[in-house]
Amino acid sequence: MCPSRANAWRPAGVTIAAMEINRDAPVTAVGTVDVSAAPEAIWEVLADLARWPEWNPDISEVSVDGPLAVATRFRWKSGPGGITSVLREVDPPHTLGWTGTTFSIRAVHVYRLEPIDTGTRVRIEESWEGLLASLLRRPFRGTLQTAIDTGLARLKAEAERRAAAERQTAAPA
């Protein structure tokens, strides 16, 4: 990531490295998908946290405690557990990252959007650590990878659906 872009929203003189998952955590997963939509169109889908349940049925509810900005807390429910997360990197339309906890698992999640000739390459990386993640690393790795792959497929479908609808609306009659 370009350092100037990664730090565009930060106060003058403050720079930090791009957000990364913990690659040494007991549970990690990575997924990538190419989407036939511009990064801005995908960003609109991702950035509207409260509407995640509309396009991802694995998420049943989301409440956001402020604007889409670093340090905003949001709570969401995916599967049996509630997750409390905090936005850690917001770089439209390039990176959206947060940390969160549930059942003593500490998670780090990062979306990266990269323009390509046919639209956008979306990459998700996530890590889980903590006692439960260590004890159940094998089944959790499979669970997390499935969630990443399914989430990417749903994001792709929603972003492409919205992009097609926008093209349809913009087309001359």
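Tutor: The following account takes up the salt bridges in turn. This is a predicted model, in which local features need pLDDT of at least 70 and side-chain atom pairs count only at pLDDT 80 or more, while totals for chains, interfaces and linings use all residues. Residues are numbered from 1 along each chain as its sequence is written, and side-chain values use heavy atoms, with hydrogens and water left out.

A salt bridge here is a side-chain nitrogen of Lys or Arg within 4 Å of a carboxyl oxygen of Asp or Glu; by this rule there are 13 salt bridges. In one of them, Arg23 pairs with Glu125 at 3.2 Å, N to O. Arg23 sits in the loop between α1 (3-6) and β1 (27-35) and Glu125 in strand β7 (residues 119-129), so this contact ties together parts 102 residues apart in sequence. Helices (H or I, at least four residues) and strands (E, at least two) are DSSP runs, numbered from the N terminus. Buried means under 20% relative accessible area, exposed over 50%, and partly exposed in between (1.4 Å probe, protein chains only). Arg23, at 47%, is therefore partly exposed, whereas Glu125, at 3%, is buried. Both residues belong to a network of salt bridges that also links Glu20, Arg112 and Arg123.

Strand β7 also contributes Glu129, whose salt bridge with Arg106 has its closest N and O atoms 3.8 Å apart. Because Arg106 lies in strand β6 (residues 105-116), this pair ties together parts 23 residues apart in sequence. Arg106 is partly exposed at 43%, and Glu129 is partly exposed at 23%.

Within helix α5 (residues 137-170), Glu158 and Arg162 lie four residues apart, about one turn of the helix. Their closest N and O atoms are 2.7 Å apart in a salt bridge, and both residues are buried.
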